[in-house]
Amino acid sequence: MKTTTETPGGNEFAALCRHAWDTLIPARAGYLADVSPHYDEVFHDVAQRTEYTGSLGKTDIAALVVWKRLSAQTRWVTALMSLPDTHVRAVTERAVTAVRDTTLTRSEAARTGRGIIWELPGFRTGDALASAILTAAAPKRMAVYDQRVQHALDTLGLPLTPTPGRYGRYLQLLDDLLHHGAAHADGWTARDIDTALYWMGANPHTPATPDPDHTASR
């Protein structure tokens, strides 16, 4: 298992990860029960188009802005919309290639893709929309990050600071959770964990599962 400068001592960190599953499992169930199954249709549509085109255009990014419920009344939107779509697609095509590169670890691919997306207006600070774009490019590999996810990680005692390279470290952290989840992580993807974390961040009093075998995890 790869560690980062944010990773606590080995045994302590492993225990934190194992304990996190006591909350992740009911949080994921809560997300599935609480969020409309139709809500992610926009995300899935963008992901399906990206699967075939290998890039995202301004229309795709605009759809993800709505999906993430972000404000479009900001200067970066004007700057982005003023670029030729061919330029936007040229940048996102490189990012798509990076996050799909299986010769790189998940965290390395995330860091590389995030660095490429940085070239576009609106993506030099914050990881919410950038992570949505990268996840649409590789939905079975990447994961979405936002402030609700950060709040959940803070609550679980899992360190993720805002210093440069956060998105790559975030994906490494999700890999660590999958690694230490043992049987509890069977069938889970990084995206499943991010939805559980998102739901936790929105519902900070998420109870831990009373089932020691976690049989109600899915």
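Predicted model: local features only at pLDDT ≥ 70, side-chain atom pairs only at ≥ 80, totals over all residues.
1. **Helix 5 against helix 6.** From helix 5 (85-99), the contact takes Val-91, Thr-92, Arg-94, Ala-95, Ala-98 and Val-99. Helix 6 answers with Ala-109, Thr-112, Gly-113, Ile-116 and Ile-117. By class, the contact of helix 5 with helix 6 has seven nonpolar residues, three polar and one charged.

2. **Helix 6 against helix 9.** Helix 6 covers residues 106-117 and helix 9 covers residues 166-180. They pack at about 160°, and their axes are 7 Å apart. That angle makes helix 6 roughly antiparallel to helix 9. The crossing is right-handed. On the helix 6 side are Arg-106, Ser-107, Ala-110, Arg-111 and Arg-114. On the helix 9 side are Tyr-167, Gly-168, Leu-171, Gln-172, Asp-175 and Leu-178. This contact divides into four nonpolar residues, three polar and four charged.

3. **Arg-114.** Is Arg-114 buried or exposed? Arg-114 counts as buried, because its relative accessibility is 10% and the cut-off for buried is under 20%. Beyond four places in sequence, Arg-114 touches Phe-123, Arg-124, Thr-125, Gly-126, Asp-127, Ala-130, Leu-134 and Tyr-167.

4. **Phe-123.** This residue is one of the contacts of Arg-114. Phe-123 is found in the loop between helix 6 and helix 7. Despite the loop setting, Phe-123 counts as buried, at 1% relative accessibility. Besides Arg-114, Phe-123 touches Ile-61, Ile-117, Trp-118, Leu-129, Ala-130 and Ile-133, with residues up to four places away not counted. Phe-123 and Trp-76 are 47 residues apart along the chain, and their C-alpha atoms are separated by 8.5 Å.

5. **Glu-108.** Glu-108 also lies in helix 6. At 24% relative accessibility, Glu-108 counts as partly exposed. Its C-alpha is 9.7 Å from that of Tyr-167. In sequence, Glu-108 and Tyr-167 are 59 residues apart.

6. **Helix 3.** What are the buried residues of helix 3? They are Lys-58, Asp-60, Ile-61, Leu-64, Val-65 and Trp-67. These buried residues pack against helix 2 (41-53), helix 4, helix 5, helix 7 (128-137) and helix 10. Ile-61 is also a contact of Phe-123.

7. **Positive phi values.** Most residues other than glycine have a negative phi. Two residues are worth checking here. Arg-69 counts as exposed, at 56% relative accessibility. Ala-182 has a phi near 50°, a positive value in a residue other than glycine. Ala-182 lies in the loop between helix 9 and helix 10 (190-202). Ala-182 counts as exposed too, at 54% relative accessibility.

8. **Nonpolar core.** How many residues are in the largest nonpolar core? That core has 63 residues, and those with the most contacts inside it are Tyr-170 and Leu-197. Helix 1 (residues 10-34) gives the largest share of this core, eight residues. Leaving aside neighbours within four places, Leu-197 is in contact with Leu-24, Arg-148, Val-149, Ala-152, Leu-153, Leu-156, Tyr-170 and Leu-174. Tyr-170 and Leu-197 therefore touch each other, as contact means heavy atoms within 4.5 Å.

9. **Whole chain.** The protein chain has 10 helices and zero strands. Along the sequence the pattern reads α-α-α-α-α-α-α-α-α-α. Of its 218 residues, 49% count as buried. Take the contacts between residues at least 6 apart in sequence: 72% of them join residues at least 24 apart.

Note on methods
Residues numbered from 1 in each chain as written. Heavy atoms only, no water. Axes fitted to C-alpha atoms, helices over the stretch in contact; angles between N-to-C directions. Helix = DSSP H or I, 4+ residues; strand = E, 2+ residues; numbered from the N terminus. Parallel < 35°, antiparallel > 145°, perpendicular 65-115°, else oblique. Left-handed = near helix turned anticlockwise from the far one by under 90°. Nonpolar A, V, L, I, M, F, W, Y, C, P; charged D, E, K, R; others polar. Core = buried A, V, L, I, M, F, W, Y, C linked by side-chain atoms within 4.5 Å. Buried < 20%, exposed > 50% of the residue type's maximum accessible area, 1.4 Å probe, protein only.
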